[in-house]
Amino acid sequence: MPERRSARLLPRAEQQLRANWREGRYRDGTPYAFTCPATPRYRHQWYWDSCFHAIAWRHFDPARARAELRTLLRAGRLDGFIPHTVFWDRPALWRRAPFYATPSLFGSMSTATIQTPLIALAWELVAAASPDEPGFGAEALTQLRLHYDWLERERDPDGDGLITIIHPDESGLDDSPKYDPVFGWMSHHRPGYFWLVERCRRLGFSSHAIIERYPEHVEDVLVNVFYALSLRSLSRLLGEGAQGVYTQRAERTERALVERCHDERTGLFFDLAGPEERPVAVSTWSALAPLALPGLPAELRHRLVTEHLLDRRRYRAHTGIPSVALEEPAFRPGWEVFRCWRGPSWMNSAWLLVPALRELGYDDEAARIVESLARAVEREGFREYYNPLTGEGLGARGFGFSTLLVDLLAPAPAG
Ligand code: GLC
């Protein structure tokens, strides 16, 4: 039965990605090619969406996976910064500016904020699926290094190995309840959000200046898990040994997650907020994300699984892995305007955590989660997210990164 379901869903995923594909030239002639997350709501290129799209594309059309990652890199600056959103079709006008963190109110091509930085991780996976272009893995090493050097230099001012976000959208988890105690009235769904964007703009989006001047910033667990995984990928792409710079940086970040973010009482990993680095004790899937780090002590990983992921009061749900623990007072399973990370199950949480479940021997549970998502997609299509209690599809239709399901259903394509 699962095999037959995969056979039906794989072509549907490919069809969805093809329908969302966009290519053309920016007005200065720069060529672009990427998958838009969903029309009409999300027409631009988003950093983490593009990485997830490329990971899914590599099952069907590695050339498109490569083109999407190259386009993302092309949107970056020479100093290594890569934006959260890129407006390839036409620059952002005044109507977009209040919602997107653009450097100026008029005419920006992209935002001045980042998004969870997993390009090196995606690059390595796509390179492994590119026997037709063996040079792909090595072609952008200088730019990838510049990007991860930028993150270290600009976003880790206290040098503890954990990078900081200055705006809730920078993780991709925009309205997650874990940001309520950090950003308060400036949270994603509150009116002060516009002021948060505006005051960053007035400081020229200088990360150091913002972090020094304002207390609303956070060392985010999910962001740092993807950062550590990506540093490891970069190190492998570079062919570094154990003493290599990026391996050592990855180890430092992993150590900091354990030493500074791990909460002994609950077994969860909490973000550290503001200059005094207060732990934010809200249980969201981000608090489980270190499960994806192979080097994490085994007992910490098993605790995350048995006490959280498989607990019916917390994350063991009808469909997928909920973005917030069911028992959290902020948990909301359904659709609410501008609120989507307060309970619904997204495909990327399963994509990150299910391989770790398999690796630790929880095969039946891993299969149950994948099956529940496959059933939801079969019935509801590729939706932005799903109600974890019923499987109902919610948010945008034809959503690109829900095709990550193929990576859970099919073994990695041959390299
Ligand atoms: C929403 C999501 C974010 C995603 C974007 C584009 O803002 O919260 O994670 O990157 O849409 O799909």
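This is a predicted model: local features need pLDDT of at least 70, side-chain atom pairs count only at pLDDT 80 or more; totals for chains, interfaces and linings use all residues.
Residues are numbered from 1 along each chain as its sequence is written. Local features need pLDDT of at least 70 and side-chain atom pairs pLDDT 80 or more, while totals for chains, interfaces and linings use all residues, and side-chain values use heavy atoms, without hydrogens and water.

Polar contacts are pairs of N or O atoms within 3.5 Å. An oxygen atom of the ligand lies 2.6 Å from a side-chain N or O atom of Asp 49. For the side chain of Gln 115, the distance is 3.0 Å. Gly 172 contributes a backbone N or O atom, 2.6 Å from a ligand oxygen. The protein buries 94% of the 310 Å² that the ligand exposes when taken alone (Shrake-Rupley method, 1.4 Å probe).

The structure holds 26 aromatic pairs (ring centres within 6.5 Å). Phe 399 and Phe 401 have ring centres 4.9 Å apart and planes at 65°, so this pair is edge-to-face (over 60 degrees). Both residues are buried, with under 20% relative accessible area (1.4 Å probe, protein chains only).

Key:
A polar contact is a pair of N or O atoms within 3.5 Å; within protein, one must be able to donate a hydrogen and the other to accept it, and residues adjacent in sequence count only if both atoms are side-chain atoms. Rings of Phe, Tyr and Trp (its six-membered ring) pair if their centres lie within 6.5 Å; planes under 30 degrees apart count as stacked, over 60 as edge-to-face and the rest as tilted. Buried means under 20% relative accessible area, exposed over 50%, partly exposed in between (1.4 Å probe, protein chains only).
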